[in-house]
Amino acid sequence: MDWHVPERHLDAYVSGEIGDPQAWSVESHLVECAMCADRVAQTVANTELARRIESVRERVLSHTSGAAHPRTAPESRTAISWSRIRRLLASAPALRLPWLVAAVFVVACAAALSLLSSGPEQAGSVLLLNAPLLPLAGVALSYGPGMDPAYELTLTTPYSGLRLLLLRTIGVLAVTIPLLLGTSFVFPTGGISAVAWLLPCLALVLVTLLLGSWIEHRLAAVLVGAAWCSAVLMPRFLLVVDVSRVFDPLFQLIWGGVVVLSTVTLIGRRSAFDRMAG
Amino acid sequence: MVTVRVDGLRARYGGKLALDGINLRMGAGIHGLLGPNGAGKTTLMRTLATVARPSEGSVELLGHDTAQQDGRKRARRRLGYLPQTFGYYPGFTVAEFVEYMAWLKEMPKDRVPEAVERAIERVGLVDRAGSKLKKLSGGMLRRAGIAQAIVNDPELLLLDEPTAGLDPEQRVEFRGLLRDIGSTNTVVVSTHLVEDVAIACDEVTLFDGGKLIFRGTPNELAELGTFGADDARGGDTTLERGYTAALRAYRERAVA
Ligand SMILES: Nc1ncnc2c1ncn2[C@@H]1O[C@H](COP(=O)(O)OP(=O)(O)O)[C@@H](O)[C@H]1O
Ligand SMILES: [Mg+2]
Ligand SMILES: [Zn+2]
């Protein structure tokens, strides 16, 4: 349909100030165009006419089947519903069953390796250092070309790319964090709090998302993961430096700052997520 | 009414020009984009679908400037797109996938179930609506792809090589669907098959090497072929001969 009721005709129609020929043209269009019918309904809802219609409606309904049909509330276009969210999430590779199985397997292996390589006293702290990488991997697998088969199609819809990305990120975190927390509570962590890795993990994930507004999402995750490896894991294992300081209160403050800053910048960059990079 | 307005469009992959100075106007009806492989049809489709950013030039869809984020969002609500390589979630059923796309297209929630049903019915997949996508044949997948494209009754429907994988009977049905949608909306179909254009399109736009080299009705394209009718090189039908004649003339001019 290439013609729709112009705004001014709509207002004139609702307020009854429209001429007959035009009213007729509007009405014949309303019959076949649900969109304009909705627009009329919304315009009416904003006028005092709405109350009168409602009272008439109630009187009419009181004569029908008895049980008054509740007026269906105009659903917001973006109303949250669980089945929707489940499907939006399930479309991400990282949230499908095979991936979940793999994640459990990786965590089990990491725990076993930590135990074998570092002995029972160190295993927990080693695990903490590795912990931020698993959610990061999940996030990398959840979005973007090559990862989301329908990525190109998704871009042609009005649904915000950043919103979809955040939704899936939350999905990944909601699965991986409890998994890792559970494991790290099992192992003694040598005085470090078992939740100390959460803030750095969140910081890495958010920096990845932000970086993904300039470069490909997956590449961003690889770069951030590599940065963590070379700044924390390599010194720990190759140079045997005590890197557990990254979990100190001072560092936690820094991680918190990174989280806040990258969140704010990310929101500012949201329009970058609705077209192909480059 | 003009629904697609393209001015001075250039698209580059790295340094290589894939579209070179395209100007186009389209309105309601079925428009065929025809050209050999590598002509730039998919690049143009992806630009019209607002996936790819033009390197130069402007694209206006349904009255919205796609350079603006807001314009893109508005145009996207009224757009349907079938990419050349249709990516899908193998574990979703046909109905689930079409419904998922209806959500992303921000259709009013209460209208979604009916729209999904109707779209699946229009492509003739009703008895497979509950089948997982990974269980479908190539032709069925294409039809599922078309169903998601039309679920929001798009005013601008973009189909990139939609007949690939369809058998002859399905092609005939598909053309019927096209005519149905194209009577009130703008439908752009890219193909490298002259036959598709001959039967279904109101207008043909011919591309070669990223340039627009011919625009007219299928009959006008066929006329180009009648001049060299004794020349058997061109193909079996007058339309095919017109197609090769137009390509040859353009390439000779380009060399000279
Ligand atoms: N992703 C890409 N990277 C580099 N070059 C590309 C890419 N996609 C297409 N091209 C090139 O751009 C030109 C146009 O391709 P395309 O639009 O796919 O043509 P068609 O759909 O008509 O076959 C071709 O020369 C092709 O090799
Ligand atoms: Mg192509
Ligand atoms: Zn209307």
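Colleague: With which residue does B:R122 form a salt bridge whose closest N and O atoms are 3.0 Å apart?

Modeller: This is a predicted model, in which local features need pLDDT of at least 70, side-chain atom pairs count only at pLDDT 80 or more, and totals for chains, interfaces and linings use all residues. Residues are numbered from 1 along each chain as its sequence is written, chains are lettered from A and ligands numbered from 1 in the order in which they are written, and side-chain values use heavy atoms, with hydrogens and water left out. A salt bridge here is a side-chain nitrogen of Lys or Arg within 4 Å of a carboxyl oxygen of Asp or Glu. At 3.0 Å between the closest N and O atoms, the partner of B:R122 is B:D180.

Colleague: How many residues apart are B:R122 and B:D180?

Modeller: Helices are DSSP runs of H or I with at least four residues, strands runs of E with at least two, numbered from the N terminus. B:R122 is in helix α4 of chain B and B:D180 in helix α6 (residues 168-182) of chain B. The pair therefore links distant parts of the chain, and the separation is 58 residues.

Colleague: Which parts of chain B does the salt bridge between B:D153 and B:R122 tie together?

Modeller: The closest N and O atoms of B:D153 and B:R122 are 3.6 Å apart. The two residues are 31 apart in sequence, so the pair ties together the loop between α5 (138-150) and β7 (156-160) and helix α4 (residues 112-122).

Colleague: Is B:D208 buried or exposed?

Modeller: Buried means under 20% relative accessible area and exposed over 50%, with partly exposed in between (1.4 Å probe, protein chains only). B:D208, in strand β9 (residues 203-208) of chain B, meets B:R251 in a salt bridge of 2.7 Å, N to O. B:R251, in helix α9 (residues 238-255) of chain B, is partly exposed at 42%. B:D208 has a relative accessible area of 7%, so the answer is buried.

Colleague: Which residues do salt bridges that share partners join into one network?

Modeller: The count of salt bridges over all chains is 21. Some share partners, and the network they form in chain B consists of B:R10, B:R12, B:D20, B:E56 and B:K211.

Colleague: What radius of gyration does chain B have?

Modeller: The radius is taken over C-alpha atoms, and the globule rule is 2.2 Å times the number of residues to the power 0.38. For 256 residues, a compact globule would have a value near 18 Å. Chain B agrees with that, at 19 Å.

Colleague: How many helices and strands does chain A have?

Modeller: Read along the sequence, chain A follows the pattern α-α-α-α-α-α-α-α-α-α-α-α. Chain B, by contrast, comes to nine helices and ten strands. For chain A the count is twelve helices and zero strands.

Colleague: Which residues are buried in helix α1 (residues 7-15) of chain A?

Modeller: Of the 278 residues of chain A, 43% count as buried. Just after α1(A), A:G16 takes a positive phi of about 75 degrees. Within the helix, the buried residues are A:H9, A:L10, A:A12 and A:V14.
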